[in-house]
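These are my working notes on one structure. I record what I looked up, entry by entry.

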Amino acid sequence: MSQSIHVPTMAEMAASGEVPEILFWVGCSGSFDDRAKRITKAIVRILNHCNVKFAVLGAEESCSGDPAKRAGNEFLFQMQAMQNIAVLNGYGIKKVVTGCPHCFNTLKNEYPQLGGEYEVIHHTQLVNELLADGRMTVSGGGDFKGKRITFHDPCYLGRANDVFEAPRAVLEKLDAELVEMKRCKTKGLCCGAGGAQMFKEAEPGNKEVNVERTEDALEVKPNIIATGCPFCNTMMTDGVKNFNKEEEIQVKDIAELIAEAADLL
Amino acid sequence: MISQILFILVFATGIFLFARRAKTIRRNILLGKDVDRSDNRSERLKNLILVAFGQSKMVVRPVSGILHLLVYLGFIIINIEVLEIVLDGILGTHRLFASTLGGLYDVLIGTFELLALGVLVACVIFLIRRNVLNIKRFHSKELTSWPKSDANIILVTEILLMFAFLSMNATDALLQVANAGGAPDAAHYLAAGSFPISQYLVPLFDGLSVNGLVMVERGMWWFHIIGIMAFLVYVSYSKHLHIMLAFPATYFGNLNPKGYMPNMEAVTSEVKMMLDPQADPYAAAPAGSEPQRFGAKDVTDLSWKQLLDSYSCTECGRCTSVCPANQTGKLLSPRKVLMDTRDRLEEVGKNIDLGVEETDGKSLLGSYITEEELWACTTCNACTDACPINLDPLSVIMEMRRYLIMEESKSPESITSMFNNIENNGAPWAFPAADRGKWIDELNA
């Protein structure tokens, strides 16, 4: 059931002298892209349901710099990074959860050297913690009974940072069948959007990467393709459409699946 | 006596040619920029033992992994036999270790024979895999002409060397029998060694006279050792250099999470100055901060580790076979990136050897690697994960992208707009920064 939720910004919290348990770094996709905003809202509903004292930066958040860096623009990346670090350090942020593996990787691995040292986790890790600590339960996962779910590892969560188990542990809480694609975990195939590819046309070839990856998924005949990255979500959704399977196969973020199972949407 | 002098001559020539080449390779690698890989010795040692010596990433693909393990073990262990051959050659002895090692010698020779068979069989299967079976990674564009011949030459040489070793033993065994029967020409073929494999080659030589046997035995002995010395020199000019460089390449490999792309320190100081309202934009640059090129246009802009990687790559193509761009028909092949880096470095090295002062007008980016290849990369790290010795072709691709953007401002149009959007509104798309929180209003709508 939907209920009215207050999403505090850091500015508000600081004004009332409060400190959040964790800062939710929404990311550009999660803030602006209509599909990704649904993921953001699911994460917020989970945080709210578990009474996690969180805040967002709101208009003070800016691009992490990842696409600029991966496209070769180190200047722009570091400009973004240092401005973000100034904001985060200004609020004394200690712990950050991100809704995007690219932000996660950049904040976790590339900000520390520039003066931004935080404990950074991905939202699938946070959801896994909340479930493990009993701060939330999924009520039998009603709608998922008998459904086949396959998880597409985001490169920047999996291979780049060795987070393979948290998203799977979360999915196992659903009363569904978790099926693995032949290329999974360290061998997972990219969706095609990383390295700033999301923002350009693919180079000439004989196939789109997301189509190749969707074929992997179709092989295991899933009802749901689970993702943990807004870019992957877009790419896999387009891939499924390419095969005219959007009626049969849903592409959903793990946060959405859990929010749905806990009846939060 | 003459044969001893001849042997020493052959041996010394081989060592000299190899040492000269090794010096050139070392110099070429050190043309690269400095990068600190002296940290974290224990973890580096662990990688050296597990990944390089232990071949832990090779066996991820079991067929080629186990076959490779056979060749690798055979190569390392049979070298003990080469030590004996070398000492016999210098001292003019025959099977020097037989008398001192006694029963252990039989065990050793027997083991070498089993390993030699393993190497032989594995190399034959490798030849079939490369030339008969349709394995995609052995038929890429970059694996035609010289790289293809190089691989086949190596395999055939290894087969010939193993065959010579086993034939030498087979004739030796026959001569040992002749000696026991009192043949004077076989006098120094004392009973030594056990021949579990070469006994099956005996019928090939059975009809020969004692003199004929001695000729074959000596012939095989010389072929084996000259072959090994020639191979040593050949390897140093070949992709097969990985048998040596895989070890330092793995030891000095990247220990950071794969997602971490190093921040450029030169950029950090400039960005700090730009963001600092107190900074004097007209201040003289601090001493020692000479203008340098951002990113890599040519091999000398890369680090010594990246150049070491290029010489260590044995062109197995596991990286390319998992590359999403390559699998979907794009021009990019991470293997080719490292091969091009090595070929260009060789060219730069030759120019230095010839004393060419002026640049040859060529560069890695442009003459070898195209922008189209660079822009096909998704930075997914499948290539670095697949490399059996932790080489890093991705970092080379990224350095060249940096050059394209920061030195030449060359990027696909949509990438330029992405940069502009980030600069102007803090997001890669053209949404006003003020709308970043709009989803919050929608949440309760």
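Two strands count as paired if DSSP finds at least two bridges between them. I keep that criterion at hand for the first entry, and I note that the model is a predicted one.

**Entry 1. The sheet of chain A**

I began with strand β1 (residues 22–25) of chain A, which runs parallel to β2(A) and is joined to β2(A) by two bridges. In this pairing A:Leu23 stands opposite A:Ala55 of β2(A). I then looked at the link from β1(A) to β3(A), where the strands are again parallel and three bridges join them. Here A:Leu23 has A:Val96 of β3(A) as its bridge partner.

Next I followed strand β3 (residues 95–98) of chain A to β4(A), and found a parallel pairing over four bridges. A:Val96 faces A:Val120 in β4(A). Which order do the strands take? I read an open sheet of four strands in the order β2-β1-β3-β4 (chain A), with parallel pairing. Its edge strands are β2 (54–55) and β4 (119–122) of chain A, each of which pairs on one side only. I also checked what lies on the sheet: α7(A) packs there and touches β3 and β4 of chain A. The direction of α7(A) makes about 85° with that of β4(A).

**Entry 2. Domains of chain A**

I took the division of chain A as domain 1 (10–128) and domain 2 (138–261). The C-alpha centres of these two domains of chain A are 23 Å apart. I found 26 residues of domain 1 of chain A and 26 residues of domain 2 of chain A in their contact.

Which elements supply two or more residues to the side of domain 1 of chain A that touches domain 2 of chain A? I listed α2 (28–32), α3 (34–49), α4 (66–70), α6 (101–110) and α7 (123–132) of chain A. α3(A) gives the most to that side, with eight residues. By class, the residues on that side of domain 1 of chain A are 11 nonpolar, nine polar and six charged.

**Entry 3. Domains of chain B**

For chain B the assignment gives domain 1 (2–30 + 61–235) and domain 2 (241–261 + 293–410). Their C-alpha centres lie 35 Å apart. In chain B, 14 residues of domain 1 are in contact with 16 residues of domain 2. On the side of domain 1 of chain B that touches domain 2 of chain B, helix α1 (residues 2–29) of chain B gives the most, with four residues. I recorded that side as eight nonpolar, three polar and three charged residues.

**Entry 4. Where chain B meets chain A**

I then turned to the contact of the two chains, which takes 55 residues from chain B and 58 residues from chain A. Several elements give two or more residues to the side of chain B that touches chain A, among them α10 (265–275), α18 (393–406), α19 and α20 (438–443) of chain B. The largest share of that side, six residues, comes from α19(B). The side of chain B that touches chain A divides into 31 nonpolar, 15 polar and nine charged residues.

**Entry 5. Helix α19 of chain B**

I checked the length of helix α19 (residues 413–425) of chain B. Its 13 residues should span 18 Å at 1.5 Å a residue, and its end C-alpha atoms are 18 Å apart, so the two values agree. Which residues of α19(B) are buried? I found B:Ile415, B:Met418, B:Phe419, B:Ile422 and B:Asn425. The buried residues of α19(B) pack against α4 and α5 (74–90) of chain A. Just after α19(B), I noted B:Gly426 with a positive phi of about 70°.

Most residues other than glycine have a negative phi. I therefore looked up two residues of chain B.

- B:Glu315 has a positive phi, near 60°. B:Glu315 sits in the loop between α11 (304–312) and α12 (318–322) of chain B.
- B:Asn390 has a positive phi, near 55°. B:Asn390 belongs to the loop between α17 and α18 of chain B.

Are these residues buried or exposed? The cut-off for buried is 20 or more other C-beta atoms within 10 Å. B:Glu315 has 24 other C-beta atoms within 10 Å and is therefore buried. B:Asn390 has 21 C-beta neighbours inside 10 Å, so B:Asn390 also counts as buried.

How values were computed. Residues are numbered from 1 along each chain as its sequence is written. Chains are lettered from A and ligands numbered from 1 in the order in which they are written. This is a predicted model: local features need pLDDT of at least 70, side-chain atom pairs count only at pLDDT 80 or more; totals for chains, interfaces and linings use all residues. Domain bounds come from an automatic or database domain assignment. Two residues are in contact if their C-beta atoms, placed from the backbone, lie within 7 Å. Ala, Val, Leu, Ile, Met, Phe, Trp, Tyr, Cys and Pro count as nonpolar, Asp, Glu, Lys and Arg as charged, and the others, Gly among them, as polar. The expected span of a helix is 1.5 Å times one less than its number of residues. A residue is buried if 20 or more other C-beta atoms lie within 10 Å of its own, exposed if 12 or fewer, and partly exposed in between; C-beta atoms are placed from the backbone. Axes are lines fitted to C-alpha atoms, for helices over the stretch in contact, and angles run from 0 to 180 degrees between N-to-C directions.
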